[in-house]
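Here is a brisk report on a single protein chain. Keep the viewer open while reading.

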Amino acid sequence: MSVKNLVSYEDALASFDPVMGLEVHVELGTKTKMFCGCSTELGAEPNSQVCPTCLGLPGSLPVVNAIGVESAVKIGLALNCEIAEWCRFARKNYFYPDMPKNFQTSQYDEPIAFNGYLDVQLEDGSTFRVEIERAHMEEDTGKSSHVGGATGRIHGATHSLLDYNRAGIPLIEIVTKPIEGAGERAPEVAKAYVAELRELIKALGVSEARMDKGQMRCDVNLSLRPNGTEKFGTRSETKNVNSLRSVERAARFEIQRHATVLTDGGTIVQETRHFHEEDGSTTAGRIKDNAEDYRYFPEPDLVPIAPARAWVEELRAGLPELPRVRRARLQAEWGLTDKDMQSVLNAGAVESIQETIAAGAPADQARKWWMGELARRANETGTELAEQPITPAQVARVAALVAEGKLNDKLARQVIEAVLAGEGEPDAVVEQRGLAVVSDDSALGAAVDQAIAENEAIAAKIRDGKVAAVGALVGAVMKTTRGQADAARVKDLILEKLGVSA
């Protein structure tokens, strides 16, 4: 079903109430895998970071990664969860080529963390509470590459390649309770939740949470029910959505798709769906199994996990400053109003601004460039602000060149455009393009004389005391010098030549 064939979003919400469930997988930043000593480093040759344990060979036995357990507890505490006094792993049985053991070691009815919540801030500054069902430990699967088809998917491929380097990497799966009451803002709530969760994970230091690298990915479960009813509808599960924007788009598309099917008298199939970045649509994957179809049973080769209460409280006391607290502190430090801070949050600019300040830029200048020129670029290209090909250090250097009088704002924008285009560091761009501000009197004198000669009426007004008219002559000089003149020095030279004091 294409985007063009859907009922409008407004019409969908006029008849139906969306209910969501978000499952977020976070790949932990441990040095070794969850149940063996194989490296988790990215970029290695395919199938070079495997052993009998993560390949599921006979006679091999797993051992739990202690840092993985510690990371799970930290995440649970930060999500206001209860931490289990006793829990254990289970085998989730299903056959798929990237599962070398034919089962995934996970947790089922006994997760390590459960019954929590995360408050998220929406674009208008309001807060929405997302309740957490559970956060449990498990291992990642391998990676399948389908070769020979046009889409990179299994349909139409001539053959598939399997890389088991990722099999066994520690994961934490965070599952929400059904998210009700969001109404038309459901897609916004989904995006805000994943964004807040990503910031929390990064603050804890347990993962880089790079969605573009698969370190954090979201499954968007969605169903509709007729307005005024309580029973949940049949859900779909859009798998492995890997950007904040895509989470929002996937939820919106599924709301419209479900509404279109139901309005036409059809039936929603419980299935997985694939998200397509190019148009924001989803397509069917496979019929979705229920939990009982996985034949869960306790993992016989691993002992239960029983976190000591004293250790849990020690971890709680050592939690870092969490994102909501940090944002309030930064707002005070940067001197922003609630409205300005909300704009920064909506743009996803907090990290970039903070890192630019750390690189030496004043807070107002860091905010100016990220919320101005760079936010405009992000909007034009439909990308996240933090994904722009320029570093906070480079932005800080542009701000420093302006402060030193070597660039004005117009030239600084040209430098930023060149850095974004891959032309090099700011100083190199200034030299290569000849963009430095001209402030030498001898270089400016001819342009000032030309402006006075070509605008005698304005010059006469200035001589008569109408000093405000000097702006027109300054503009003429700036035009002649292609914006590279030092405007303040140009003004002084014009007044000197006309015998007028400022």
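Beyond its neighbours within four places in sequence, isoleucine 174 contacts Leu22, Glu23, Val24, Val26, Ile75, Leu79, Ile132, Arg134, Ala135, Tyr193, Leu197 and Ile201. The model is a predicted one. Ile174 and Tyr193 touch the most other members of the largest nonpolar core, which holds 67 residues. Helix H3 is the top contributor to this core, giving 10 residues.

**The chain overall**

The chain has 17 helices and 14 strands. It is 502 residues long, and 46% of them count as buried. Take the contacts between residues at least 6 apart in sequence: 69% of these join residues at least 24 apart.

**The nine-stranded sheet**

Nine strands make an open sheet with mixed pairing. Their order is S2-S5-S6-S9-S1-S10-S11-S12-S13. Strand S2 (82–83) and strand S13 (281–287) are the edges, each pairing on one side only. Strands of a sheet pair through backbone hydrogen bonds, either parallel or antiparallel.

H3 packs on this sheet. The helix touches strand S1 (16–27), S5, S6, strand S9 (170–176) and strand S10 (216–226). The direction of H3 makes about 20° with that of S1.

How many of the 11 residues of S10 are buried? The count is 10, so S10 is largely enclosed by the rest of the structure.

| Strand pair | Bridges | Example of bridge partners |
|---|---|---|
| S5 (residues 113–121) and S6 (residues 127–139) | 8 bridges | phenylalanine 114 and arginine 134 |
| S1 and S10 | 11 bridges | proline 18 and leucine 224 |
| S10 and S11 (residues 236–241) | 4 bridges | cysteine 218 and valine 241 |
| S3 (residues 90–93) and S4 | 4 bridges | alanine 90 and serine 106 |

Arginine 235 sits in the loop between S10 and S11. Its relative accessible area is 28%, so arginine 235 counts as partly exposed. Arginine 235 is 15 residues from valine 220 in sequence. In space, the two C-alpha atoms are 9.7 Å apart.

**The three-stranded sheet**

The strands here run in the order S4-S3-S14. The sheet is open, and its pairing is antiparallel. Strand S4 (103–106) and strand S14 (297–298) form the edges. Each of these two strands pairs on one side only.

**Two asparagines with positive phi**

Most residues other than glycine have a negative phi. Asparagine 102 has a positive phi, near 65°. This residue is found in the loop between S3 and S4. Asparagine 102 is partly exposed, because its relative accessible area is 36%.

Asparagine 115 also has a positive phi, of about 60°, although it is not a glycine. Where is asparagine 115 found? It is in strand S5. With a relative accessible area of 37%, asparagine 115 is partly exposed.

**Helix H3 and its contacts**

Which way do H3 and H6 cross? Helix H3 (residues 186–204) packs against helix H6 (residues 323–334) at an angle of about 90°, and their axes are 9 Å apart. Angles of 65 to 115 degrees count as roughly perpendicular. H3 and H6 are therefore roughly perpendicular to each other. H3 brings Glu196, Glu199, Leu200 and Ala203 to the contact. H6 brings Pro323, Arg324 and Arg327. By type, the residues of this contact are 3 nonpolar, no polar and 4 charged.

Glutamate 188 also lies in helix H3. Is glutamate 188 buried or exposed? Its relative accessible area is 16%, and the cut-off for buried is under 20%, so glutamate 188 is buried. Leaving out residues up to four places away in sequence, glutamate 188 touches Leu122, Glu123 and Glu248.

Definitions and conventions. Residues are numbered from 1 along each chain as its sequence is written. This is a predicted model: local features need pLDDT of at least 70, side-chain atom pairs count only at pLDDT 80 or more; totals for chains, interfaces and linings use all residues. Side-chain values use heavy atoms; hydrogens and water are left out. Axes are lines fitted to C-alpha atoms, for helices over the stretch in contact, and angles run from 0 to 180 degrees between N-to-C directions. Angles under 35 degrees count as roughly parallel, over 145 as roughly antiparallel, 65 to 115 as roughly perpendicular and the rest as oblique. Contact means heavy atoms within 4.5 Å. Ala, Val, Leu, Ile, Met, Phe, Trp, Tyr, Cys and Pro count as nonpolar, Asp, Glu, Lys and Arg as charged, and the others, Gly among them, as polar. A nonpolar core is a set of buried Ala, Val, Leu, Ile, Met, Phe, Trp, Tyr and Cys residues joined through side-chain atoms within 4.5 Å. Buried means under 20% relative accessible area, exposed over 50%, partly exposed in between (1.4 Å probe, protein chains only). Two strands pair if DSSP finds at least two bridges between them.
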